[in-house]
Amino acid sequence: MKEQEMNLNIRYDAPDEVWDKVPVIYAQLNGWLGYGLGGDHGEKGIPYWFSFNEDEKHISASVEPGGLQFVGLMDTEEWDIWVKAIKEIATKELGYKVGEIELGEVDF
């Protein structure tokens, strides 16, 4: 397993109608566990998949200035499958192409 990371073009300043759909996206993904400890501004906490223990296979997400960031510890092949799934589900749910700006998949 290795450390993984990506930033999706779901911006911190997106309107409520976008952020209201994000938990629906999370719940459709393989390994969804729910919200762990943490979170600011009255948020539920940090979303986790596979394990709340960051020393084990896991994925977590946080809202950052550059977009919705996902970090994890898992095999690259499995990570790639999971990333493809979230991009497809988020694109369908949000109604715009969701991808990684750094990879040139989308613009801001």
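The model is predicted, so local features need pLDDT of at least 70 and side-chain atom pairs count only at pLDDT 80 or more, while totals for chains, interfaces and linings use all residues. Residues are numbered from 1 along each chain as its sequence is written, and side-chain values use heavy atoms, with hydrogens and water left out.

- Strand 1 (residues 2-8) runs antiparallel to strand 5 and is joined to it by seven bridges, with Leu8 opposite Leu68; two strands pair if DSSP finds at least two bridges between them.
- Strand 4 (residues 58-64) also pairs with strand 5 in the antiparallel sense, over seven bridges, and Ser62 stands opposite Gln69.
- A hairpin of two residues leads from strand 4 to strand 5.

**Helix 3**

- Helix 3 (residues 76-94; helices are DSSP runs of H or I, at least four residues) spans 26 Å from its first C-alpha to its last over 19 residues, close to the 27 Å expected at 1.5 Å a residue, where the expected span is 1.5 Å times one less than the number of residues.
- Its buried residues include Trp79, Trp82, Val83 and Ile86.
- Among the elements covering the buried residues of helix 3 are strand 1, strand 4 and strand 5.
- Gly95 follows helix 3 and has a positive phi, near 80°.

Terms used
Buried means under 20% relative accessible area, exposed over 50%, partly exposed in between (1.4 Å probe, protein chains only). Contact means heavy atoms within 4.5 Å.
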